[in-house]
Amino acid sequence: MSRLLAAALTIVTAAALAVGAALGIVALLDATPDQPNTPLITYENAGQER
């Protein structure tokens with residue numbers, strides 16, 4: 001009986017740790033600011049220099 005209880009507690013603890021890790025990763029991803037989508041090179045004058 002004690003092995004069954006230990007196995008059940010191990011499973012519950014592992015599931016709780018997995019859920020906690022997933023929520024922590026999501027929280028860290030939401031905490032990082034979005035990077036601006038500005039291009040490094042623009043071609044606004046392409047074709048006008050002829």
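This is a predicted model: local features need pLDDT of at least 70, side-chain atom pairs count only at pLDDT 80 or more; totals for chains, interfaces and linings use all residues.
Residues are numbered from 1 along each chain as its sequence is written, and side-chain values use heavy atoms, with hydrogens and water left out.

So, how many helices and strands does the protein chain have? We get 1 helix and 0 strands, taken as DSSP runs numbered from the N terminus (helices are H or I, at least four residues; strands are E, at least two). Helix α1 covers residues 2–31 and spans 43 Å between its first and last C-alpha, close to the expected 44 Å, which is 1.5 Å times one less than its number of residues.

Is α1 tucked away or in the open? Of its 30 residues, 0 are buried, so α1 lies largely in the open. Buried means under 20% relative accessible area, exposed over 50%, partly exposed in between (1.4 Å probe, protein chains only).

Finally, Y43 sits in the segment after α1, and counts as exposed because its relative accessibility is 65%.
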